[in-house]
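Dear colleague,

My findings follow directly after it.

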Amino acid sequence: MNQKTKGYTIQEATKKIESYCAYQDRCHKEVVSKLKDMGMIPLAIDTIIAQLIEDRFLNEERFAKSFARGKFKIKKWGKNRIVRELKFRDISKYNITTALKEIEPEVYLTTLDNLAKKRFDQITETNTQKRKKKLSDYLLYRGWESHLVYEKLKELIP
């Protein structure tokens, strides 16, 4: 039987989604999308979501914090990119603010410094302006704040 056409009872769907949430923190949007893919009706989705929140499988604040920590530590994203991605997942402004507090200011600036220097050394362009542009584009794409990026450029390319 095809996975898309299989019908789930609320209990079966809840068990399946519990393991989905236990594997890694999920946001409400991801869980609702997964339940819709499973063919659940809106009333069942609301019931399951309420149960997941009650049983602490689903916690938007916890998701936002671990998302921010992970993307910063592993992918070296700046705050702008983290905020953009969290907004895309319909995370509240309060939870986004709370999540950004997980990133220590000193560590944030050190990471930017290391990332900028590493990338700067990788750019083979000889033209100074083009080199600046490549470095700034790279850092801005990763979500680092423009004022920090431009300060770093002045420091690396006087």
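**Packing of H2 and H3**

In this predicted model, helix H2 contributes His28, Val31, Val32, Leu35 and Lys36 to a contact with H3, where the partners are Ile45, Ile48, Ile49, Leu52 and Ile53. By class, the residues of this contact comprise eight nonpolar, one polar and one charged. Helix H2 spans residues 28–37 and helix H3 residues 42–54; their axes come within 10 Å and cross at roughly 140 degrees. Since angles over 145 degrees would count as roughly antiparallel, H2 and H3 are therefore oblique to each other. Their crossing is right-handed.

Val32 lies in helix H2 and touches Ile45 and Ile49, leaving out residues up to four places away in sequence. Val32 and Ile45 are 13 residues apart along the chain, and their C-alpha atoms are separated by 6.8 Å. What is the relative accessible area of Val32? The value is 24%, and Val32 is therefore partly exposed, as buried would require a value under 20%.

**Packing of H1 and H2**

Helix H2 also packs with helix H1, which covers residues 10–23; the axes of H1 and H2 come within 11 Å and cross at roughly 140 degrees. H1 and H2 are therefore oblique to each other, and their crossing is right-handed. On the H1 side the contact is made by Ala13, Ile17, Tyr20 and Cys21, and on the H2 side by Glu30, Val31, Lys34 and Leu35. The contact of H1 with H2 holds six nonpolar residues, no polar residues and two charged residues.

In soluble globular proteins, nonpolar side chains tend to be buried together. In the present model, the largest nonpolar core has 29 residues, and the members that touch the most others are Ile82, Leu86, Ile91, Leu135, Leu139 and Trp144. Which elements give two or more residues to this core? They are helix H4 (60–73), helix H5 (79–88), helix H6 (93–100), helix H7 (105–122), helix H8 (128–141) and helix H9 (146–156).

Leu139 is in contact with Leu112, Leu115, Ala116, Trp144 and Val149, once its neighbours within four places in sequence are left aside. Another core, of 15 residues, lies apart from the largest one, and its members include Tyr8, Ile17, Tyr20 and Ile45.

**Backbone at two loop positions**

Arg56 is found in the loop between H3 and H4. Although Arg56 is not a glycine, its phi is positive, at about 65 degrees. Is Arg56 buried or exposed? Arg56 is exposed, with a relative accessible area of 55%.

Asp90 is placed in the loop between H5 and H6. Asp90 likewise is not a glycine, yet has a positive phi of about 60 degrees. With a relative accessible area of 51%, Asp90 is exposed, the cut-off being over 50%.

With kind regards

Definitions and conventions. Residues are numbered from 1 along each chain as its sequence is written. This is a predicted model: local features need pLDDT of at least 70, side-chain atom pairs count only at pLDDT 80 or more; totals for chains, interfaces and linings use all residues. Side-chain values use heavy atoms; hydrogens and water are left out. Axes are lines fitted to C-alpha atoms, for helices over the stretch in contact, and angles run from 0 to 180 degrees between N-to-C directions. Helices (H or I, at least four residues) and strands (E, at least two) are DSSP runs, numbered from the N terminus. Angles under 35 degrees count as roughly parallel, over 145 as roughly antiparallel, 65 to 115 as roughly perpendicular and the rest as oblique. A crossing is left-handed if the near helix is turned anticlockwise from the far one by less than a right angle, and right-handed if clockwise. Contact means heavy atoms within 4.5 Å. Ala, Val, Leu, Ile, Met, Phe, Trp, Tyr, Cys and Pro count as nonpolar, Asp, Glu, Lys and Arg as charged, and the others, Gly among them, as polar. A nonpolar core is a set of buried Ala, Val, Leu, Ile, Met, Phe, Trp, Tyr and Cys residues joined through side-chain atoms within 4.5 Å. Buried means under 20% relative accessible area, exposed over 50%, partly exposed in between (1.4 Å probe, protein chains only).
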